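A short report is wanted.

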Amino acid sequence: MSEQLIRAVLIALLAALFALPVGYFVAPWMGWAIFCAGLGLQMVFHFRNFTRLDQWSKAPVVDSSLEGEGAWDGIFGRLYRHEKDLRNQIAVRDEEISRVIAAVQALTDGVVSLDLNNQIVFCNTTAEAQLGLVLRVDQGQPIVNLVRQPEFVAYLDAEDFSRPLTLRSERSEDRVLSIYVIPYAGNRRLMQIKDVTQTDRLDRMRRDFVANVSHELRTPLTVLAGFLETLQEIELDREERDRYLTMMAEQSKRMESIVQDLLTLSSIESAPPPANEVVDMANLIDKLRRDAEALSAGRHRVVVETEGHSDLRGSEPELVSAFGNLVANAVRYTPAGGTVSISWKTSPQGAEFAVQDTGIGIDAKHIPRLTERFYRVDRGRSRDAGGTGLGLAIVKHSLNRHQAQLNIRSTPGVGSRFACSFPASRVAGA
Ligand code: ADP
């Protein structure tokens, strides 16, 4: 029997103990009245506590307001402790959930959780940015209503998630996403979205590069193979034979130049940051002038203009290669009788090395692409001039490594100016 029941029976017995003698000796109605009053008081007492419990249960507050009387105090105490434990557990669980959400938000990959109908349950901010979702608004929406690209819809429908889906972002064509779907908890799905734009770009660049190199080398190789075949099969007189051999030498020279420029590019790319050695600019410019005159063979006027006596800090071979390419281009793309000017100027902001010519010039639409590997305005002209299409790529790389910028100004039929601007930190007072 419970404690409360024993108490209730004892109080009823106590009331009966008082009521019986009064009812026997004084008057029976009085005995009954005392007995009923005893029971009534007990009922009032229980009703009061019950009402208090009823009110508290509607809005449980964990403070001292829940106090019971008599046997109710034990019940109230247990309820109070239970409620308090429950609240503590919820607080701990809330904190754990917040930590998990914060970790998922911190992921650089997008994460979207979907229910069995592919409706959005949760997504992190990365996924919001990648797919253009707004969790607050889109929660509960089928994801295919928001990401409508047919390949995505078909991928979810096919339910074959053994391979990720590569998707070009609807918001920005340049952005490439790789979507993995991981089924979990029965029919639920977790979408992991990786931004593979950079890898995709590098992959494309690598493929283009291999295709370009193969193409560039195949042309002279084909010509060389053709000449060889002719020499093997046809009896030629000495003069003709020498002519063929000269042309073969030209083709092999061309291949050698391409390979040499490729090696230069690759060594610049993989080299550690350029040294800080002081490069004697007076010497270097003198060497560039002599090289220009040798290449021009008297067909151009070569002018040198220098202002100030400062030098550059950096890697001499890289700077020689970069400046040498600009000077060689100026000579090669300037018809006979033109002028090639080499200038070196310093200012408090830095220094500028420039090569200006009065050559064929370049149409404005080509200028942004000139430093791409193998990009030429006129393929035939570049080939005839002995170009590889890699010169300005080498220039750009070397300059980048010296925190310098290449500025190109050109007018077709008038001439071009290629200027390399170096920051003050790269300039050494002579
Ligand atoms: P290339 O070996 O073909 O000269 P570059 O990378 O050095 O390759 O130059 C890329 C292209 O830029 C050239 O093919 C040429 O069309 C153009 N170019 C470069 N320098 C000049 C210049 N000084 N005048 C006119 N065109 C130039």
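Predicted model: local features only at pLDDT ≥ 70, side-chain atom pairs only at ≥ 80, totals over all residues.

Residues are numbered from 1 along each chain as its sequence is written, and side-chain values use heavy atoms, leaving out hydrogens and water.

**Aromatic rings**

Searching the whole structure gives eight aromatic pairs. Rings of Phe, Tyr and Trp (its six-membered ring) pair if their centres lie within 6.5 Å; planes under 30 degrees apart are stacked, over 60 edge-to-face, the rest tilted. W72 and F76 have ring centres 5.9 Å apart and planes at 65 degrees, so this pair is edge-to-face. Both residues lie in helix α3 (residues 71-106), four residues apart, about one turn of the helix. Helices are DSSP runs (H or I, at least four residues), numbered from the N terminus.

Buried means under 20% relative accessible area, with a 1.4 Å probe and protein chains only.

| Residue | Relative accessible area | State |
|---|---|---|
| W72 | 13% | buried |
| F76 | 0% | buried |

Elsewhere, F323, F353 and F422 form one aromatic cluster. R373 lies over the face of F209, 5.2 Å from the ring centre. The test needs CZ of Arg within 6 Å of the ring centre and within 35 degrees of the ring normal.

**Helix α9**

Helix α9 (residues 238-270) has 33 residues and should span 48 Å at 1.5 Å a residue; its end C-alpha atoms are 47 Å apart, which agrees. The expected span is 1.5 Å times one less than the number of residues. Buried residues in α9 include Y244, M248, Q251 and R254. Their cover includes α8 (197-233) and α11 (316-332), where contact means heavy atoms within 4.5 Å.

Definitions and conventions
Helix = DSSP H or I, 4+ residues; strand = E, 2+ residues; numbered from the N terminus. Buried < 20%, exposed > 50% of the residue type's maximum accessible area, 1.4 Å probe, protein only.
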